[in-house]
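Hello,

Here is the structure I promised to pass on to you. Please open it first, and then read on for my notes.

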Amino acid sequence: MISSELIALTLAVLSAPVFAHHQAREFHNVHNHGIYPLSPRNYITPETKLDSYDYIIAGGGLAGLVLASRLSDDGTTTVLVLEAGDTGDAEKAKIDRPGLTYFTSLLGSSYDYAYKTIAQSSAGDRIMNWPRGKILGGSAAVNGMYMVRPNSVEIDAWHDLIATSDNKAYADAWTWDSLLAAMKKGETFTGPTDSAEETTGLKFNAASHGTSGPLHTTFPGYMVPITSAWLPTLAAAGIPTSEDAYGGNNLGAFFSTMAINPTNWTRSYAKSAYIDTLPPRDNLHVLANAAVTKITFADNAQDGNLVASGVEFAKDASETPKSVSAKKEVILAGGAVGSPQMLLVSGVGPKDVLDAASIPVKINLPGVGAHLQDHLATGIQWSTTEDTQGTIFASGSDFSKSDEFLSYVNCATSYVNGTYLFDGTESFNNFVTGLKDTLNDDNALQSLIPTTDDTTVAGYKAIYQSYTDKIVPEAGMVEILYSINSAGRITIQTALQTPMSQGRLTVNSSSIFDAPVLDPKYFSHPADAVVLRQALKKVRQFATLSPLKELVGEELVPGPSVQTDADWESYVRQNANTEFHPGCTCAMMPKDKGGVVDASLKVYGTTNVRVIDGSVFPLSMSAHLMAPIYGMAEKAAELILSPPTSGTSTSTAGGASGTSGSNNNSDGGGNAAVAVSGAHAKWLTLVSVVAGVVFPSL
């Protein structure tokens, strides 16, 4: 069985003995460290809410709380945050200690939506776990805290997708330079401790970081001694150490900054950074255990666009929904799953999906839920007799309970490009040529695109072309991470960053309390398996290089039986799982390319509904998503409070009309049969890159 501990955000997807996230252990005497809880008068009840607010934010996760803090900053603008989950205050001890992410994870508890995909036909017919934080602060309250920024070419490619047919003043907010400034605005960076720097040899450039933002970032205060092997081993493997992974080029090996407050070694996240530190604000109300069940729309339209009058919300499916009015805007900040689901149950989305779920169509917007993209991860595991984080934690020593030790989370990482993965320019160029050939083959595309709608098909092609022309040749195709949280084991994980497979989120119910249908269509494009195959072959070679080879023993997973390219691809399809970075389900693109929001983040066909979270990214990117989402939320708040003076973006072309248009049974083995057809069978004939990459005609 694929380990259920996968969802504890170590990013590994190997067998159960690797991880120990759910040990029944909890530390006591965790100090408050001067973090002030939100004033009780701001935690409201349904009975004490106002009748109306200027802004209603549906979702109290990462983006939602950034927006709540910034929009209410003037003391007069009224803001209501509706969060489906609880506050998390009862689990403060677990949330605050970074290292406990691995050992007392809140995932799998009531603080986790615990979504599951439908069976993935190209991934061993597995039903995969999709954990998402159901808590004030969102997944940032329970995740692994990586603060990695994307490559500049990825952000500029995003800008180019929206720049051609949208208001330039808003579109220019989504360039690398603009987003970098916003990411720095929200950050207070602190350099490493002397001991951490000495142990790891890590490099950083303080000038690429912010100095006065609410969110604290730093490196763990303690680094396990075997982290010293990371940079020199990768250098021996041909991956240079990055001197600055945060200024727009994240290629190379480095130690990631983490969302940690170094004054007390606690997790820094949207709630602790943007909300808990605020003085009492009568104009900011936060209501937990309140899921938005639908957006309500006024009877009158403006220029053919619907006007949101407010929302309805309830604690659970048994409760009669209550309503609240929005004077200015309704902002969806429910993430890559929550925001498209809220639109769909409100009647905004593809007509075929809404009709099938018996939801009256308010706006036929085919792109809602389309273009779903996600990172996939797997890895290789070796035995070790050296101390790992897991070994030290299991010792029960006083040090294992200290703030310093529990500040450690896996942070050794790297991003590598295609030239490295495919052993040179010629083989890599052959791979890219194969990708471009697929784009020009209509028959092949039909099997890859999860809808026949012309606009979403056009969007798929636009995204695909952005990858092949701009991103794949320049950016990191794979992330490689060093995981040492398990006792007696060292794992090196590989995670796909530029998926060619796109899926779809739909609903089969009008209730927000029924889970949406999640079909990421993993490995529907066989190139994704080829890329992960190449990455794993490289990683296996790391164990032959000093100083790592002196630390590891036998290869435990997948083991020596996996040797050929076909072996590796079968292993990948049977073992890869989400890296917990889904996005793109409310993509910011032109409406005629399946876009859901314009450059001002307004939903097409509405005057005052915005989506502000990771669902609006049109492209996957080589980064964990926290840093770009923090930056995006900061920039969005600026756009709302100070709209660009050169023009006003409108959500045109949407119209108000509604008339257009099993169980996980893998045993972890690397050689289980995987059914493939169509484009898959042809791509799987790729020969080893040793002999050169060959693409048959599709």
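Met145 is buried, with a relative accessible area of 1%; buried means under 20% relative accessible area, exposed over 50%, and partly exposed in between, with a 1.4 Å probe and protein chains only. Its place is the loop between β4 (129-130) and β5 (146-147). Although Met145 is not a glycine, it has a positive phi of about 75 degrees.

Before going further, please note that this is a predicted model, in which local features need pLDDT of at least 70 and side-chain atom pairs count only at pLDDT 80 or more, while totals for chains, interfaces and linings use all residues. Residues are numbered from 1 along each chain as its sequence is written, and side-chain values use heavy atoms, with hydrogens and water left out. As for the element names, helices (H or I, at least four residues) and strands (E, at least two) are DSSP runs, numbered from the N terminus.

The loop between β4 and β5 also holds Ala141, which is buried with a relative accessible area of 1%. Which residues does Ala141 contact, leaving aside its neighbours within four places in sequence? They are Ile95, Ile135, Leu136, Arg267 and Tyr269, where contact means heavy atoms within 4.5 Å. Ala141 and Ala270 are 129 residues apart along the chain, and their C-alpha atoms are separated by 7.8 Å.

Another loop residue to look at is Leu202, between α7 (194-200) and β7 (215-217). Leu202 counts as buried because its relative accessibility is 3%. Once its neighbours within four places in sequence are set aside, Leu202 is in contact with Pro192, Ala196, Glu197, Phe219, Met223, Leu231 and Phe255. Leu202 and Phe255 are 53 residues apart in sequence, and 6.1 Å apart in space from C-alpha to C-alpha.

Now to the helices. α4 (residues 152-163) has 12 residues and reaches 16 Å from its first C-alpha to its last, close to the 16 Å expected at 1.5 Å a residue; the expected span is 1.5 Å times one less than the number of residues. The buried residues of α4 are Ser152, Glu154, Ile155, Ala157, Trp158, His159, Leu161 and Ile162. These buried residues pack against α5 (168-171), α6 (176-185), α16 and α19 (626-641).

How do α4 and α16 (residues 454-471) pack? Their axes are 10 Å apart, at an angle of about 140 degrees. Axes here are lines fitted to C-alpha atoms, for helices over the stretch in contact, and angles run from 0 to 180 degrees between N-to-C directions. α4 and α16 are therefore oblique to each other: angles under 35 degrees count as roughly parallel, over 145 as roughly antiparallel, 65 to 115 as roughly perpendicular and the rest as oblique. On the α4 side the contact is made by Val153, Glu154, Ala157, Asp160 and Leu161, and on the α16 side by Ala462, Ser466, Lys470 and Ile471. By class, the contact of α4 with α16 has 5 nonpolar, 1 polar and 3 charged residues. Ala, Val, Leu, Ile, Met, Phe, Trp, Tyr, Cys and Pro count as nonpolar, Asp, Glu, Lys and Arg as charged, and the others, Gly among them, as polar.

α19 has 16 residues, and 14 of these 16 are buried. From its first C-alpha to its last, α19 reaches 23 Å, close to the 22 Å expected at 1.5 Å a residue.

One runs from Ser546 to Pro547, with omega near 5 degrees, and Pro547 is in the loop between α17 and β24 (555-557). The other runs from Val557 to Pro558, with omega near 0 degrees, and Pro558 lies in the loop between β24 and α18.

Finally, Phe580 lies in the loop between β25 (577-578) and β26 (609-611). Its phi is near 70 degrees, a positive value in a residue other than glycine. Phe580 is buried, with a relative accessible area of 9%.

Best wishes
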